[in-house]
Amino acid sequence: MDPEYIQKLNQTICQCQRCPLGKTRTKAVPGEGSLEAKVMCIGEAPGASEDKEGRPFCGRAGGVLDEMLALAGLTRQEIFIGNILKCRPPDNRNPHDEEIALCTPYLDAQIEYIKPKVICCLGNFSTGYIMRKFGLAAKVQGITKIHGNIFITTSPYGKIKIMPIFHPAVVTYDINKKPVLANDFRILKNIPK
Ligand code: URA
């Protein structure tokens, strides 16, 4: 463990100009939480609040995430929360493929350092990237189909469980999804970590 490695990585992320989002962001959002986390939650990209504060999930979707983490018996301090993209896409549009390709080496480095036992993929972009990364390309389907499933696979540092979950923002525009999301986080609570 060398926490300086992560400090340096965060500095690099905060100064990054690899893609055009470097020009339009206010603050980059490297991610935060425990560097010894057993659970990582990976979202899509910063929104307006995150872009302003430089912290992941600090806006409305973050409020939902906090509620859900409580159902899973987890705190922000003990997990690590990150994103596929570290900078906000203008108007919260979907990440472009080239942005994902240029930005995900940062996420890969975070995963390699933290070595989580469980990765919760919040939404389609996160699910697609993480499942492909860990050799589960053939099992990738839309989040509506595969949310709540647990995919056990191997990583270079041992067994890892991947769980796709709806993105918490879904609740902010479809309240009927809240029980579904809650149920997935209760499943997360019972996964051995
Ligand atoms: N949505 C995300 O995917 N990530 C954040 O950090 C905030 C909202």
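This is a predicted model: local features need pLDDT of at least 70, side-chain atom pairs count only at pLDDT 80 or more; totals for chains, interfaces and linings use all residues.
Q: What makes the backbone nitrogen of Glu 44 and the side chain of Asn 83 a polar contact?
A: The backbone nitrogen of Glu 44 is 3.2 Å from a polar atom in the side chain of Asn 83. A polar contact is a pair of N or O atoms within 3.5 Å; inside the protein one must be able to donate a hydrogen and the other to accept it, and sequence neighbours count only if both atoms are side-chain atoms.

Q: Why is Asn 83 called buried?
A: Buried means under 20% relative accessible area, exposed means over 50%, and partly exposed is in between (1.4 Å probe, protein chains only). Asn 83 has 2%, so it counts as buried. Asn 83 is found in strand E3; strands (E, at least two residues) and helices (H or I, at least four) are DSSP runs, numbered from the N terminus.

Q: Which residues are around the ligand?
A: They are Gly 43, Glu 44, Ala 45, Glu 50, Pro 56, Phe 57, Asn 83 and His 167. To be near, a residue needs a heavy atom within 4 Å of the molecule.

Q: How does that shell split by class?
A: The shell has 3 nonpolar, 3 polar and 2 charged residues. Ala, Val, Leu, Ile, Met, Phe, Trp, Tyr, Cys and Pro count as nonpolar, Asp, Glu, Lys and Arg as charged, and the others, Gly among them, as polar.

Q: What is worth a look in the backbone of Phe 57?
A: Phe 57 isn't a glycine, yet its phi is positive, at about 45 degrees. Phe 57 is in the loop between helix H3 (48-53) and helix H4 (60-71). At 6% relative accessibility, Phe 57 counts as buried.

Q: Where is Asn 92, and is Asn 92 buried or partly exposed?
A: Asn 92 is in the loop between strand E3 (80-83) and helix H5 (97-114). Its relative accessibility is 43%, so Asn 92 counts as partly exposed. Asn 92 also has a positive phi, near 55 degrees, without being a glycine.

Q: Why is Asp 2 called partly exposed?
A: Because its relative accessible area is 41%. Asp 2 is in the segment before H1. Asp 2 and Tyr 113 are 111 residues apart along the chain, with C-alpha atoms separated by 8.9 Å.

Q: Is Ser 126 buried or exposed?
A: Ser 126 has 0% relative accessibility, so it counts as buried. Its place is in helix H6 (residues 124-133).

Methods
Residues are numbered from 1 along each chain as its sequence is written. Side-chain values use heavy atoms; hydrogens and water are left out.
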